[in-house]
Amino acid sequence: MQNIPHRRYNPLRGQWVLVSPHRTQRPWQGEVSPAQTTAPIVYDPGCYLCPGNARAGGHQNPRYEGIFVFDNDFAALLPEAPVPNAAPQHPLHRAEPERGLCRVVCFHPNHSLTLAQMETADIARVVQAWTEQYVELGALDWIQHVQIFENRGAMMGASNPHPHGQIWATEHIPDEPLAEGSMQSAYLRAHGRCLLCDTVQLELQQSERIICANEEFVALVPFWAVWPFEALVLSRRHCGALPAMDATQQSALAEILQRLTRRYDNLFATSFPYTMGLHAAPTDGQPHPEWHFHAHFYPPLLRSATVRKYMVGFEMLANPQRDITPEQAAARLREAGEARRTF
Ligand code: H2U
Ligand code: ZN
């Protein structure tokens, strides 16, 4: 399989990915971008996320010292959705109101840090804030899903380098977690076991796709990864969401996030861009024994700090495709090491 074109099945999503390993036999250019040498700034007077600064709409940030959470001033969803036009709809043009709440989470007051550069204890405070938000927003009877995520780097559309993430809590379960939930549910029904518990066990046995691990979490390149350096962070113990984790698990999550993002930074000697998101049980009041907490990392880079993968052509129209195998990607991330870099 390491040298012939083949396709792999993603049992979490019910989708295929084409793998074309023979195409990676061309020589590796090893291009890296030199690390920036100018001293990073701690405070940017023009940054709308730095402590004490003004935001849009006349709001002012407090002089926060740890985490700062606020309602997104340009929220994509609002808690009160207007009643739609009462005119009958054509069944081919189905629309319905969607209510939601959008928040921004500043991870640290220091403008130039990233998760990879933050101390483990600081990241543990971020995990704590995510947990509180999941509990608070999930407790609202009209919120069924709490999506916690981070867009990191301009290449991934982050509007600001200040360390921050977003939370969108919605009235319906969105498509990705809905599909993952029904795949996990079907697996549990068919096998009497959890899909991702079985994945953790299989991957630890085979070890070739493991990037790094601690007592509670495993970071790996999934067998079915689409993006070249995609990663999945899985809890070793079965648990559906952040509030079900004890303090040991929460600080182990902080530690694995730090170690994985440091490896990413080392891979191409650049502050590595990605979209990262937590997937957890819906907050619809149902038990959800099928749900196994995990984090997805979707980084766009392919070969260097500047050469990215494009999801175009066959990938948009037919199936995603990759050249470098998940096994090769995991090996590269293992070699990258966990030194802390500054840029
Ligand atoms: P991103 O970098 O992932 O876009 O997150 C930043 C968010 O901050 C973005 O959703 C919000 C934007 O709407 N924002 C405010 O809420 N207030 C501001 O003054 C500027 C940006
Ligand atoms: Zn800032």
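1. Helices here are DSSP runs of H or I with at least four residues, strands are E runs of at least two, and both are numbered from the N terminus. Just past helix 6, G337 adopts a positive phi of about 75°.

2. Some housekeeping: this is a predicted model, where local features need pLDDT of at least 70 and side-chain atom pairs count only at pLDDT 80 or more, while totals for chains, interfaces and linings use all residues. Residues are numbered from 1 along each chain as its sequence is written, and side-chain values use heavy atoms, with hydrogens and water left out.

3. Back to helix 6 (residues 326-336): P326, E327, A329, A330, R332 and L333 are buried there, buried being under 20% relative accessible area with a 1.4 Å probe, protein chains only. Those buried residues pack against strand 1 (6-10), strand 7 (210-213), helix 4 (247-267) and strand 12 (321-322), going by contacts, i.e. heavy atoms within 4.5 Å.

4. Strand 10 (residues 274-279) has five of its six residues buried. It pairs antiparallel with strand 5 (residues 145-152) over five bridges; pairing takes at least two DSSP bridges. N151 sits opposite T275 of strand 10. Strand 11 (residues 294-298) also runs antiparallel to strand 10, joined by five bridges, and H296 in strand 11 is the bridge partner of G277.

5. Now ligand 1. An oxygen atom of ligand 1 is 2.7 Å from an N or O atom in the side chain of N72, and another entry for your list is Q166, with a polar side-chain atom 2.7 Å from a ligand 1 oxygen. The protein covers 88% of the 470 Å² of accessible area (Shrake-Rupley, 1.4 Å probe) that ligand 1 has on its own.

Terms used. Chains are lettered from A and ligands numbered from 1 in the order in which they are written. Buried means under 20% relative accessible area, exposed over 50%, partly exposed in between (1.4 Å probe, protein chains only). A polar contact is a pair of N or O atoms within 3.5 Å; within protein, one must be able to donate a hydrogen and the other to accept it, and residues adjacent in sequence count only if both atoms are side-chain atoms.
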